[in-house]
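This report covers the model shown below.

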Amino acid sequence: MGKISQGILGGLSGKVGNIIGGNWKGIDYIRIKPSSVANPRTEGQVNQRNKFTITLEYLQANKDFVKIGYKSFATKKTEFNAAMSYVLNNAVGGTAPNFTIDYSLALLSRGSLSGVLNGTTDLATPGQVDFGWGDNSAEGNANATDKVMVLVYNPSKKESVYILDGADRTAGSQSVTIPNTYAGDTVELFMAFVSADGSQVSNSVYLGSGTAA
């Protein structure tokens with residue numbers, strides 16, 4: 001049974017009918033208890049859960065990259081939650097129940113810093129992925145001291161290897177050592193830039209997939 005100490009709009013503690021009251025950080029609140037759902041697993045609900053699951057799986061493996069990449073969007077939410085919202089709304093495709101992540105749209109970094117010019121990858125060397133790019137440090141708001149961020153995502157193992165403070169934009173190349181256990185696995189490859197002071201990032205670029213050597 002609930003108790004009302006200051007009238008129906010304040011001081012309600014507990015439950016009165018379908019109204020629930022309480023106090024959070026000194027603020028009285030009331031809410032209406034939702035009606036029970038006869039079928040909590042409708043097709044729409046199942047589809048949404050499936051979309052949520054594959055997005056969560058993708059971003060959990062890349063959460064450190066996302067923490068830098070979505071820094072500008074962490075207003076009243078975490079970087080991870082901002083990335084979840086973006087990817088769910090923009091990069092989940094396929095037909096139910098076989099939803100997939102469209103990596104070309106699933107940005108791991110979002111920002112206004114000048115992006116990657118002519119990004120390339122090379123997986124020919126065993127245990128290594130080589131990234132390359134053009135020097136566009138004199139264009140837009142790019143700087144010679146911007147640092148490359150590169151990431152190798154292994155969907156089958158649900159993990160990633162990355163460098164978050166790599167070579168300068170002018171260097172044009174960065175190598176990443178990957179575990180020998182990745183050999184034969186398909187990996188997804190991403191690149192972005194972050195300013196030297198960490199205040200700005202570029203949109204990430206998906207550079208395609210390849211088979212790890």
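## Basis of the model

Contact means heavy atoms within 4.5 Å. This is a predicted model, in which local features need pLDDT of at least 70 and side-chain atom pairs count only at pLDDT 80 or more, while totals for chains, interfaces and linings use all residues. Residues are numbered from 1 along each chain as its sequence is written, and side-chain values use heavy atoms, with hydrogens and water left out.

The pLDDT (the predictor's confidence in each residue, from 0 to 100) averages 89 over the protein, and 82% of the residues score at least 70. Over residues 1–5 the pLDDT is below 50, and in the model this stretch has twelve contacts beyond near neighbours in sequence.

## Strand residue T120

T120 belongs to strand 7, residues 117–122. Helices (H or I, at least four residues) and strands (E, at least two) are DSSP runs, numbered from the N terminus. With neighbours up to four places away in sequence not counted, T120 touches D130, F131, G132, M191 and L207. T120 and F131 are eleven residues apart in sequence, and their C-alpha atoms are 5.7 Å apart in space.

## Nonpolar cores

A nonpolar core is a set of buried Ala, Val, Leu, Ile, Met, Phe, Trp, Tyr and Cys residues joined through side-chain atoms within 4.5 Å. The largest one has 26 residues, and Y58, L59 and L108 have the most contacts inside it. At least two residues of this core come from each of helix 1 (43–60), helix 2 (63–69), helix 3 (79–90), strand 6 (98–101), strand 9 (147–154) and strand 12 (186–194). Helix 3 gives the most, with five residues.

Y58 touches V87, I101, Y103, A106, L108, Y153 and F190, not counting residues up to four places away in sequence. Apart from this core lies another, of 20 residues, including V150, Y182, M191 and F193.

## Helix 1 against helix 3

The axes of helix 1 and helix 3 come within 10 Å and cross at roughly 130°. Axes are lines fitted to C-alpha atoms, for helices over the stretch in contact, and angles run from 0 to 180 degrees between N-to-C directions. Angles under 35 degrees count as roughly parallel, over 145 as roughly antiparallel, 65 to 115 as roughly perpendicular and the rest as oblique; helix 1 and helix 3 are therefore oblique to each other. Helix 1 makes the contact through K51, F52, T55, L56, Y58, L59 and Q60, and helix 3 through F80, A83, M84, V87 and L88.

T55 of helix 1 is buried, with a relative accessible area of 0%. Neighbours within four places in sequence aside, T55 is in contact with M84, V87, L88, V92 and I101.

Notes. Buried < 20%, exposed > 50% of the residue type's maximum accessible area, 1.4 Å probe, protein only.
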